[in-house]
Amino acid sequence: MSLTPLGCLLLSVLLFLAGAVLSAVLARCERLAINLSALAGVAGGVAGLFAAAPVLLSGHTELLTVAGPFAFAHFTARLDMFSALMVAVISLLALVASLYAQSYVREYQGRGAWAMGLFMNSFIAAMLALVAVDNAFWFLVFFEAMSLASYFLVIFDQDEESVGAGLLYFLIAHAGSVLIMIAFFILYSHSGSLDFQSFRTLRLPLPTASLVFVLAFLGFGAKAGMVPLHSWLPRAHPAAPSHGSAMMSGVMVKIGVFGIVKVGIDLLGAQASWWGLLVLAVGAVSAVLGVLYALAEQDIKRLLAYSTVENVGIILMGVGAGMIGLATGHVALASLALMAAFYHLFNHALFKGLMFFGAGSILYRTHTRDMTQLGGLARRMPLTALAFLVGAMSICALPPFNGFVSEWFSYQALFAMSHDGDFMMRLAGPVAMVMLALTGALAAMCFVKAWGMSFSGQAQSEHAEHAEEAPFSMVLAMGVLAVLCVLSGIGAPWLAPLFARVAASLTGGFMVPVAQGLALHSGQLNTPATVSTPLLALLLLAAPLLPFLLVGALRGSRMTRRHGGDAWACGYATERSMTVSPQGFVQPVRFMFGALYRLRETLSPAAFATRGLNGAVAGATRVEPLWDEYLIAPIVAGVQKLARRVAVLQRGDFRVYCLYVVVALVTLLLISVR
Amino acid sequence: MPNLTMIVLAVVQGLTLLLLAPLMTGVSRMIRARMHSRRGPGVLQDYRDVIKLFRRQDVAPASAGCVFRAAPYVILGAVFLLAMALPALTRHSPLSALADLITFAYLFALVRFFFSLSGVDSGSSFAGIGAGRELTLGILVEPTMILSLLVVALIEGTTNLGAIGAGIGGNYLQSPAAIGLAMLAFAFTVFIEMGKLPFDMAEAEQELQEGPLTEYSGPSLALLKLGLGLKKVVMAQFLLGVFLPFGCAAALDAGSLAIAAVALPLKLLVVFALAGLIENSMARGRFLLTSRVTWIGFGLAALSFVFYLTGL
């Protein structure tokens with residue numbers, strides 16, 4: 001039996017849901033629940049890939065409408081190139097994450113591991129359904145389901161930090177979805193239908209369209225974690241279990257990007273160039289600030305979460321340049337920029353997933369995320385160290401890994417914008433490129449620190465000293481992603497046209513030539529720039545032959561290599577605490593960019609929220625005495641006054657009491673006689 | 001894809017630059033010694049040092065890991081790749097598929113990444129601090145470097161280094177102020193990347209850019225010394241190849257290649273001599289305040305960008 005792509009997608013969603021339900025039903029036998037939910041996840045991931053592949057390869061859009069339970073909203077599923085790309089990214093990472101979870105979740109056995117399977121699988125199912133629906137109502141339903149399921153993942157540990165992070169996440173996610181709802185409502189009030197198709201054909205006046213776009217941009221931007229709406233992200237993502245962090249950082253933030261592209265380009269058609277400039281500017285600021293803050297972290301998962309802010313920024317830079325290109329009629333530029341953005345979106349899912357898995361393996365074996373407590377793990381966890389190194393090199397955009405390819409295309413798109421555009425574009429392009437370059441240099445420092453502090457030098461704690469290699473399925477999951485990082489870098493000449501087709505589907509079918517034989521190509525410039533990643537990889541592998549030859553040829557009567565003793569410490573005995581600390585390593589940068597670090601405190605909406613909350617508490621404390629003063633105090637005073645009056649009667653004299661009795665008797669007699 | 005002649009040319013060019021590297025660093029040492037009123041070692045001292053180091057035993061602390069071991073090979077390999085891909089003997093790069101401005105920036109980042117990671121991986125606290133400083137310097141230099149190259153790339157309409165060089169060499173008058181300022185700004189970053197005062201003190205090895213070398217010895221140290229020397233030469237040639245491609249062969253005939261082969265060391269010698277003169281007339285600054293100095297470079301680059309926008 002052959003399934004249509006949408007049938008496959010349905011099957012995939014159902015498999016994830018089945019995993020969720022089974023995991024909840026089998027709460028009593030957790031081992032089985034863990035295994036079954038992992039199995040369902042792997043199967044669902046495979047089904048999702050089978051759903052995406054035919055659409056991506058053929059470029060044919062799949063549509064299906066069924067009458068849902070509600071009269072006002074049809075259930076329309078639409079699998080176009082862009083949603084198929086999202087389905088592929090989600091399924092791929094979900095597949096690997098399920099594999100990883102099979103071992104990782106055992107750590108949580110007895111602490112509600114079954115619930116993790118429930119929330120994780122429904123989280124993935126919601127995301128898969130979300131990218132494929134074509135109706136505003138159902139879109140919002142799945143958006144909420146996704147936020148809710150991930151909220152439960154964030155608060156899974158139930159400690160103070162995770163509950164606090166969960167609350168912040170909950171608030172910002174819902175503030176975001178309110179904005180999105182308003183945006184959709186404006187569209188609905190003009191088109192009279194909740195179908196996205198009706199929004200697409202709608203021609204709104206520019207001010208209304210701009211309002212809708214800005215609302216949606218802020219709403220989805222909060223989900224994507226762009227600066228200045230990012231402050232929930234570095235708290236919420238690390239709090240979730242590591243495979244959950246990987247899914248949230250690798251995929252869920254992309255739903256935010258997906259929404260921005262969906263509304264800005266697909267539904268509204270990128271009408272004004274200032275929309276794109278706004279996205280570009282926010283992207284550039286997010287990239288620089290994200291990695292700058294990542295640099296200063298000493299919690300490895302928080303470092304990775306901040307770097308997600310950076311990468312979302314890089315993706316948004318591509319999206320912004322693409323929107324500018326569409327608005328100003330530079331279709332080639334738009335295609336190239338969107339292609340770069342989508343390539344980076346895909347790559348970031350791979351390497352960020354990989355690195356969160358790596359951090360999870362460290363956490364699994366050493367029970368700490370604090371880099372001051374790690375060190376020396378490369379010798380005890382060599383495979384994890386290697387995989388993490390591949391991830392670090394990819395994320396730093398070092399050639400020939402995949403991060404380099406997508407950043408190269410981003411640079412080329414921005415270059416094309418600076419070269420061919422009007423004055424605004426010629427000004428904005430180089431500024432964005434310089435910020436991208438600064439981001440690259442900061443990222444190198446950030447990940448030298450992340451790898452170096454965790455894996456090299458001396459072990460800084462007992463746990464780190466006695467760590468061992470992560471279990472097989474976790475190593476396998478990391479290995480798969482590491483190999484994919486390498487392949488999607490070296491194999492870029494074959495992969496890039498695929499992303500160019502996805503971009504073309506959003507820019508009116510304009511295919512920009514991005515690959516020529518073994519070389520990557522920047523499209524439509526006067527003298528097109530090229531780079532060949534296979535050649536680069538080959539040469540980078542061959543080049544170390546030269547030093548090998550030198551070492552061999554000039555050996556003379558050299559003795560063999562010797563490793564032993566302590567590192568040199570100016571003649572003093574080496575101590576563990578002498579190793580450079582994560583904070584010491586980046587101290588110059590913290591000093592030089594001090595102003596930008598202080599900005600974080602001023603800009604953060606969390607600070608606003610805290611200030612608001614403090615204000616409310618202070619107000620309440622001020623209001624509380626008012627109640628006392630005007631309501632309770634008078635009552636108390638009245639009662640006391642009355643009591644003093646009554647006390648006059650109690651003289652404590654026996655004769656007076658007799659008199660009272662007599663008076664009472666006489667009174668009663670008089671009443672009864674009358 | 002490159003043809004065979006180009007590959008041979010690339011390898012010859014890479015080896016030439018590699019062989020020139022110890023001579024150039026030797027000249028730097030000589031100039032420094034003379035300006036300090038010392039006699040100094042001969043200009044060939046760095047060849048002798050490297051050859052001697054190759055014969056010595058490789059000793060490393062117990063805590064040093066696999067990145068520490070691999071780094072000398074990766075670094076020399078990557079810098080050699082850069083030396084092959086530069087426009088040096090010819091106007092256009094022999095490996096045109098790699099001579100892209102962005103690719104170059106990130107290949108330099110690859111070198112920096114491994115160099116500083118090797119410092120951290122040695123487990124020595126000095127090397128670790130040196131690694132952090134090396135990366136910090138990279139952060140300060142990178143924006144200036146990209147912006148100054150970007151200005152000339154925009155003027156020529158391509159990011160290919162050979163094409164930029166060929167275009168500029170033919171015509172400086174298209175926007176002289178912008179090109180001149182971009183060259184100054186780029187020369188500034190080259191000066192920093194060559195590891196010069198006030199940004200570095202190359203003879204004190206617990207210092208910044210040579211800090212990660214602390215624990216290296218024997219052949220590994222020799223490879224790294226060669227690699228860092230070659231990086232200095234590559235940076236100098238980067239400046240020459242893009243902004244001042246005089247004497248480079250425009251076509252592949254024996255006569256112009258011979259002229260280029262003579263001109264190449266002479267031009268490099270001038271750059272190293274100038275850098276040495278400037279370096280030794282400078283005072284050292286506090287590292288944490290380096291960013292105040294690098295702002296000058298960025299200001300130059302930004303100014304050249306403004307000139308480009310206004311078409312001067």
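Mentor: Helices (H or I, at least four residues) and strands (E, at least two) are DSSP runs, numbered from the N terminus. This is a predicted model, in which local features need pLDDT of at least 70 and side-chain atom pairs count only at pLDDT 80 or more, while totals for chains, interfaces and linings use all residues. Side-chain values use heavy atoms, with hydrogens and water left out.

Trainee: What makes Asp266(A) and Lys262(A) a salt bridge?

Mentor: A salt bridge is a side-chain nitrogen of Lys or Arg within 4 Å of a carboxyl oxygen of Asp or Glu, and the closest N and O atoms of Asp266(A) and Lys262(A) are 3.7 Å apart, so the pair qualifies. Because the two are four residues apart in helix 10 (residues 242-267) of chain A, about one helical turn separates them.

Trainee: Why is Asp299(A) called buried?

Mentor: Buried means under 20% relative accessible area, exposed over 50%, and partly exposed in between (1.4 Å probe, protein chains only); Asp299(A) has 15% relative accessibility, and therefore counts as buried. Its salt-bridge partner is Arg369(A), with the closest N and O atoms 2.9 Å apart.

Definitions and conventions: Residues numbered from 1 in each chain as written. Chains lettered and ligands numbered in written order.
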